[in-house]
Protein chains: 2
Amino acid sequence: MDRFEPNLRIPGPTSLPPSVREAGARQMINHRGPEFAAMLERILTGMKPYFGTSSDIAMITTAGTGGLEAAIVNTLSPGDRVLAVSIGAFGDRFAKIARTYGADVTTIEVEWGQAAEPAVLREELRRDPAYRAVLLTHNETSTGVMNPIPELAAVVRQLAPGALILVDSVSGLGAVPFQMDAWGVDVVVTGSQKAWMAAPGLAMIAASPRAWAAMQTATMPRVYLDLRAHRDSHAAGETPWTPAIAVVYQVDEGIRLMSAEGADSVFARHEACAAAARAGLRALGFELFADQRHASRTVTAAAVPDDLDWKPFNAEIKRRGLILAGGQGKLAGKVFRLGHLGSITLEEILGAMSVLEFVSISAGRAVRPGSAVAAAQIAALESFGVATPAVAGAGG
Amino acid sequence: MDRFEPNLRIPGPTSLPPSVREAGARQMINHRGPEFAAMLERILTGMKPYFGTSSDIAMITTAGTGGLEAAIVNTLSPGDRVLAVSIGAFGDRFAKIARTYGADVTTIEVEWGQAAEPAVLREELRRDPAYRAVLLTHNETSTGVMNPIPELAAVVRQLAPGALILVDSVSGLGAVPFQMDAWGVDVVVTGSQKAWMAAPGLAMIAASPRAWAAMQTATMPRVYLDLRAHRDSHAAGETPWTPAIAVVYQVDEGIRLMSAEGADSVFARHEACAAAARAGLRALGFELFADQRHASRTVTAAAVPDDLDWKPFNAEIKRRGLILAGGQGKLAGKVFRLGHLGSITLEEILGAMSVLEFVSISAGRAVRPGSAVAAAQIAALESFGVATPAVAGAGG
């Protein structure tokens, strides 16, 4: 397999475009010098439209989980009452962080595969509107579900106007529209290895004026993740601690590519790739795990059929150069996941479908040659508003 | 200046060797797959001789400061009595982290530029041996001082056998010998952008059996920095959270280069470059800031002379492609710092001296052409045990 570069189709890290890869090879610079300051400014300014905010954004050298921890420890105090709405492994993790730092956490556990219903949130906040914060997951990477953040945020803003809304959009932001200010969201976290087409290592966090004010009184301990230090240093064109410069180069180039493509095109591309992935996997006979009304546009989870021995099947897929992700937490062994975010193209989704078709047919599964590729192609065309011509033999 | 790559001579990030740069441009891989597991194993095994330990090492995606925070929060509980021995800005930071998380911190403040005297530590521990931990800085990057860790650790082990010894060796480890197990040190932290020749973004932390045991009862809150999660994941060839893969590639290559060179040669090269830097700066008329009995082998700080206007002088140095670091904290504007660690070569030190000579002479300072380069060269030769021939006109 060394002749080929594997097709990395996990929900992050994503395959890097050539110019992003090259950016990772640049020589180091002084992180307290003017070149770094200009780059930091480009990145944080360039990300604002994706966050949908005019507020300050901080860039922290950490995985997404560190970003979630920053969202919690900067805005809350031990004993604060927190409502965690969990729809999967990352929602559970967000709640666990708050609990670890001494928050009094109530969890709404949504069945995995489902989105959070605004009605359920409404009921809880009517019963008890005195929460200091509500934790929401935008895109739940473990289940392939995308929560309706505007609707959920509207419920919080109406019924618990004093509550902070902290959103994990590590694997959503940049790939789908987000309007933090308009939706009344207070903290949003994203990660470099997702939509931003870069290596892992950086979390970007935006905070509303309400969240910045909360930081003045929040007493959970923090030094490395202290967003106030980041804001102070940002004013001087720096980060408070030495940043992962190689990854900063890559994010800078990723945003340049996204800007050249245009945000709307980036969003449309993700939508088309997601539609293609879903249609292709269904044509292969896989049952999609997520409630399709809330299907993620960056990752699709499919159930491992009872009659499929996943390990040898996946080994064969891998041998053919396609790298998928398994299930997380309680879904280990029960689902597999196909990531379609970052620099993902329709060609890559079709390529993944062709491998899955080939391996399925070789394994004796009832799949018609070309059917998954065709179904994916048609779904992508439809996503772009192109009518499929009625040609004999076409269709999945 | 775009024709030249600047000579980055700050104490980290350091200039990267070509093969390390190229490693940063590799395509992403699944961080939960066998290729990553093999790489993680290579790195953590390859670092053990530099730590001088047989204990487990964890690799965390964070700047060095996050590594220091991990050392504190994993081993201590709020209210624990901590003795912080600070000899500069990074010692102060270490103490601040412990205080922020609720430790009861007593600080021995050593005059900046001086090392910690074992006698002073002995006096304090005789007065009060009931500390839960002692915080030490191995190499103080802000002042260019290297503490005598074996002597200091021996005092702690003798007088406060129950105390944990936590050592910041972010900018020391890998460049100079360290024997964590033999010296009785409990936690050691280092950073990828220092001796390891890689970009910033990773901190490596080793913990003694005593420190691993302490983690079971330590109650300071942590999730992202929790070393227990790192140890559990490491058993499966993974990190608990998505790592900065591009930097991991670079550290892997950096260690390969160090292994090819041999640890003793790496240490000797650092010693020679440090000697050359000190001799050259002295020949230029600069007063070295550190107590020379404890001069750092990775960074040299020199006082900015009263009769020198540093800003235009440094601008001219920079225009000629040499990037130095200014003073940190209360030394801002009072010292400048020359880093000589990582892939540093004698040629690069001589190059830095030639720029400093040129700019000094151009600025009308009383410097004899060639004198700093010659002094540096002689010091390096002496460091390697080569006698300087008595040639007419030689010498600084």
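In what order do the strands of the open sheet in chain B run? The order is E2-E10-E9-E8-E5-E3-E4, seven strands with mixed pairing. This is a predicted model: local features need pLDDT of at least 70, side-chain atom pairs count only at pLDDT 80 or more, and totals for chains, interfaces and linings use all residues. Residues are numbered from 1 along each chain as its sequence is written, while chains are lettered from A and ligands numbered from 1 in the order in which they are written.

**Sheet of chain B**
- Strands (E, at least two residues) and helices (H or I, at least four) are DSSP runs, numbered from the N terminus.
- Two strands pair if DSSP finds at least two bridges between them.
- E2 (57–61) and E4 (104–109) of chain B are the edge strands, each pairing on one side only.
- E3 (81–86) and E5 (133–137) of chain B run parallel, joined by three bridges.
- Ala84(B) has Leu135(B) in E5(B) as its bridge partner.

**Domains of chain A**
- Domain 1 covers 7–13 + 261–383, and domain 2 covers 18–259; the bounds come from an automatic or database domain assignment.
- Their centres, taken over C-alpha atoms, are 27 Å apart.
- Domain 1 gives 26 residues to the contact and domain 2 gives 30; contact means C-beta atoms, placed from the backbone, within 7 Å.
- On the domain 1 side, H11(A) supplies the largest share, four residues.

**Chains A and B**
- 45 residues of chain A touch 45 residues of chain B.
- H1 (18–23), H3 (64–75), H4 (89–100) and H10 (245–261) of chain A each supply at least two residues of the chain A side.

Conventions:
Contact = placed C-beta atoms within 7 Å.
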